[in-house]
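Student: Please take a close look at one part of this model for me. I would like to go through the salt bridges.

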Amino acid sequence: MQPDDRHSCPSLEAPEAERALVHPQILGQLREEHYAGSVPEPRAGVHVPALRSHATKRREVVQFPPDRHVWRSIFMPRTFRVFRGYIHAVGLKPDGDTLAFKPHNSAAIAALPGPDGAPGAVSFDANTNGAVDVRLQGIDALETHFQPAVGDPKPPGATAPVGVNKPSAGNHQQRLDLSRGAANTLLGMLGIDVTNADWHAWGYLNRVTVGGVVVAAKFQENVEIVVVANAVEREGRVLGWIFPGSVALADGQTLTEAALAALVKQSCNARMLAAGLAYPYYFMTLATALRAKLNTAVGAAQKAQRGVWAVDTSAVGVAIPTLTALHGSVALLPYLFRKLLRSWRLAALKAYWSGGDVSDAALEVLDVGRLFDSGNPYVYTVSDRQFLRLDELISVSGGVLKLSRKPQDIVFLE
């Protein structure tokens, strides 16, 4: 579960007067130097002649803001802190990459830096017993529940059509054998048995079993887990590495990047990738040494065609003509699933305000050609060290979507 709009790097879309101009090769050098272990000083205000884009054959530049906000998030601390606490699942919406976590030391987790480098970004939820959401670093599991949020494209002065209901965002999920299967597996790794679990259609988990005892009340699982983290993302979720409580790490202990890398194979993050129950999902904040460890797990799952890799055909092209197909018959990178639904939602609202067809039959149709209506961000490709627009990696033709790169080759900028 990962809202993507906040990752689309708004600094690349800001007015030119507010940005510094740097050619993609310059940014590529800076990021590669960071990945190699050195941290250069970003050169705001440097102007470099733009070269031609590979796909579009037009002149482009990549830009970053003078306040270096993006760079603060990229060059985050390279030490990590260990947090022990309890997992909460009953009455909540756990999935294959996000869990509710009640730390023993709330003050310490609140001190983790946010995207701007300052503490206080963690979101504590009073409705979940003061827990925080932990987003597993480097992975993206199929969605068990997703409601696409977009800005309402209501034209100025427009009035609602008489007798027509405004289209709902709905509740969407990917193949339940893989999406709910991922959630079940992750919980099982941590000591929560979901054999007789009761899942609600909207993603709520109403019952689990712990140590042979059925737990149906909130906050009563009493299962301790370990979270290793050093940052918080924009929505207040901790970006973490999750381990069972049996791992020999003490609450408050600090780990170097090298020490964490040595433990990655034991993490639920890597184990979910190795099982083929999650896709790799990388950002610039993930160091190369850690990404390499995860790629080992990804490669093994792909070679054995485990989980999603047994059914994902996006590399050769996948037709997704309807919402029903999107929900049930295809396995697709969750980022693209969410992006397709945002574009679908935006098109539905535009049709509503213009007096178009918003019947159930019309809303069932999915136009994959509108994929980039919800944005076309820059991404970094590891294999050739290039910053490219997303539409240079994904082709959409005749209702067929095709991804030209493996997911582990794509690094999102923010």
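Tutor: The structure holds twelve salt bridges. A salt bridge here is a side-chain nitrogen of Lys or Arg within 4 Å of a carboxyl oxygen of Asp or Glu. This is a predicted model, where local features need pLDDT of at least 70, side-chain atom pairs count only at pLDDT 80 or more, and totals for chains, interfaces and linings use all residues. Residues are numbered from 1 along each chain as its sequence is written, and side-chain values use heavy atoms, with hydrogens and water left out. The pLDDT is the predictor's confidence in each residue, from 0 to 100.

Take Arg78 and Glu257. Their closest N and O atoms are 2.4 Å apart. Arg78 sits in the loop between α2 (69–74) and β3 (79–88), and Glu257 in helix α5 (residues 257–263), so the pair ties together parts 179 residues apart in sequence. Helices (H or I, at least four residues) and strands (E, at least two) are DSSP runs, numbered from the N terminus. Arg78 is partly exposed at 29% relative accessibility. Glu257 is buried at 15%. Buried means under 20% relative accessible area, exposed over 50%, partly exposed in between (1.4 Å probe, protein chains only).

Next, Glu224 and Arg84, with closest N and O atoms 3.1 Å apart. Glu224 lies in strand β9 (residues 224–232) and Arg84 in strand β3, so this pair ties together parts 140 residues apart in sequence. Glu224 is partly exposed at 31%; Arg84 is buried at 12%.

Asp409 and Arg405 also pair, at 3.2 Å from N to O. Asp409 is buried at 11%, while Arg405 is partly exposed at 22%.

Finally, a network of salt bridges links Asp97, Arg135, Asp140, Glu143 and Arg338.
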